[in-house]
Amino acid sequence: MARRPTTGPEKGPKTLGIQPAKGKLGIMIPGMGAVATTFVAGVEAVRKGFARPIGSLTQMGTIRLGRRTEGRFPKIKEFVPLAGLDDLVFAGWDAFDDDMYTAARKAGVLEHELLEKVKPFLSSIQPLPAVFDRNYVKKLDGHHVKKGKNKMDLAEQVRADIREFKKRSGASRLVTIWCGSTETFLQPTEEHQSLRAFEKALAQSDESIAPSMIYAYASLMEGVPFANGAPNLTVDLPVMDELSRKNQAPICGKDFKTGQTLMKTILAPGFKARLLGLAGWFSTNILGNRDGEVLDDPGSFKTKEESKLSALEHILQPELYPELYGSFTHKVRINYYPPRGDNKEGWDNIDIFGWLGYPMQIKVDFLCRDSILAAPIVLDLVLLLDLAKRTPELRGIGIQEWLSFYFKSPMTAPGLYPEHDLFIQLMKLKNTLRHLKGEELITHLGLEYYD
Ligand SMILES: NC(=O)c1ccc[n+]([C@@H]2O[C@H](COP(=O)([O-])OP(=O)(O)OC[C@H]3O[C@@H](n4cnc5c(N)ncnc54)[C@H](O)[C@@H]3O)[C@@H](O)[C@H]2O)c1
């Protein structure tokens, strides 16, 4: 027999502990480019009834509860207390001073007709001056930038922006999500190991501190959760874990899982499930948006490449299956090709082998739209991070591994390998929600139906 939940969904002690989503939720976005404007324009279009939030688990997804025979499949947004779209308010920073309507026009993701319908709303959102330094994003030359005597001073200015936005907007809660450009490749250093060392380095404007880390530090100091949509280290550092736990401001990252990596984490678990071997996986892309231009710089590309390469190794576990996955070649190329704009094309050539070692090939040609795939991820992440902040069991644990579903390089506790398989990630996310509400976890055992 299936174990019945000991606490009903509405009355369990854990459920009672989750604070309701009362009042407005303020979303602060460093980097108001293609992804950010597609997200904000989309939320407004959905609120006004012009469009539907396709791709968003929190808006369209359901969750099965109890046995299959019980027929309980509530929508996720009805099962857990999430902020409603009408309660979202927005602000952000950018190194260019275009308002969100102008930035959306330049990004060229959404068609003119849709953008005109949300123009008054988008035009009203003006970016705050950025913490920006060309040394970390070589291909951009923005001038809408804060000045300060050192990096600590810049962090104080961002903290003041956060407090001011909260006051001005009347938001009861805030979340920050990095949608800024990919910064140059950095590795963790001594300065990132503790809050003390990091604050000293901020005061000395140490080069190990990239702008994205300044936003992250400022948010966490203000007790505001932080999600990282790019592959930069940003919150994937011991200092940020320490600060997150200390100030009960959940963190997650890194690098939104869209496009080619999404396909990889859908296909590779299938090959492994059927014990098909892999000889090689060659991935190449053409894209022509500003992200593509930034990634044309070798430093920024290296950050992205590291993030894209890690998924296959972790899914296929070559150490457990040396004959199948012990020596595959994995290459990833990104080519900046302006005519394509945001409409990327990604080709994958996959060399697999089956019974008795016979080779086979699979070709994937994905004509995708990067920001269309990323926008619902941004929406889900801000809503779920806000839920984490209101949940006693989650707000003090730092890294929110249950949100791995959304990332190319999911963050984990030190020493743990990340889970990349999309389907395991989805189960992890949904089981976390069931757990928080005192519902039975779903194991898919199924024997209970055959007593
Ligand atoms: N679109 C996707 O599918 C996808 C997937 C995974 C990751 N990402 C990452 O998300 C990020 C945003 O992508 P995008 O397509 O919107 O790029 P974009 O170039 O259109 O927008 C990035 C914006 O960030 C701004 N910026 C750069 N440094 C900044 C700073 N220090 N402070 C404030 N603003 C800053 C830039 O001026 C630009 O407007 C990139 O890092 C990208 O790699 C995107």
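Tutor: A residue is buried if 20 or more other C-beta atoms, placed from the backbone, lie within 10 Å of its own. This is a predicted model: local features need pLDDT of at least 70, side-chain atom pairs count only at pLDDT 80 or more, and totals for chains, interfaces and linings use all residues. Residues are numbered from 1 along each chain as its sequence is written.

Student: How many residues of helix α10 are buried?

Tutor: Helices are DSSP runs of H or I, at least four residues; strands are E runs, at least two. Helix α10 spans residues 211-221 and is mostly covered. Among its buried residues are P211, M213 and Y217.

Student: Which elements do the buried residues of α10 pack against?

Tutor: Contact means C-beta atoms, placed from the backbone, within 7 Å. By that test, the partners include two helices, α8 (151-169) and α11 (238-246). The strands are β1 (24-30), β4 (171-178) and β5 (226-228).

Student: At what angle do the axes of α2 and α5 cross?

Tutor: Axes are lines fitted to C-alpha atoms over the stretch in contact, with angles from 0 to 180 degrees between N-to-C directions. A34, T37, V40 and A41 of α2 meet M100, A103, A104 and A107 of α5. The axes come within 9 Å and cross at roughly 115°.

Conventions:
Buried ≥ 20, exposed ≤ 12 C-beta atoms within 10 Å, placed from the backbone.
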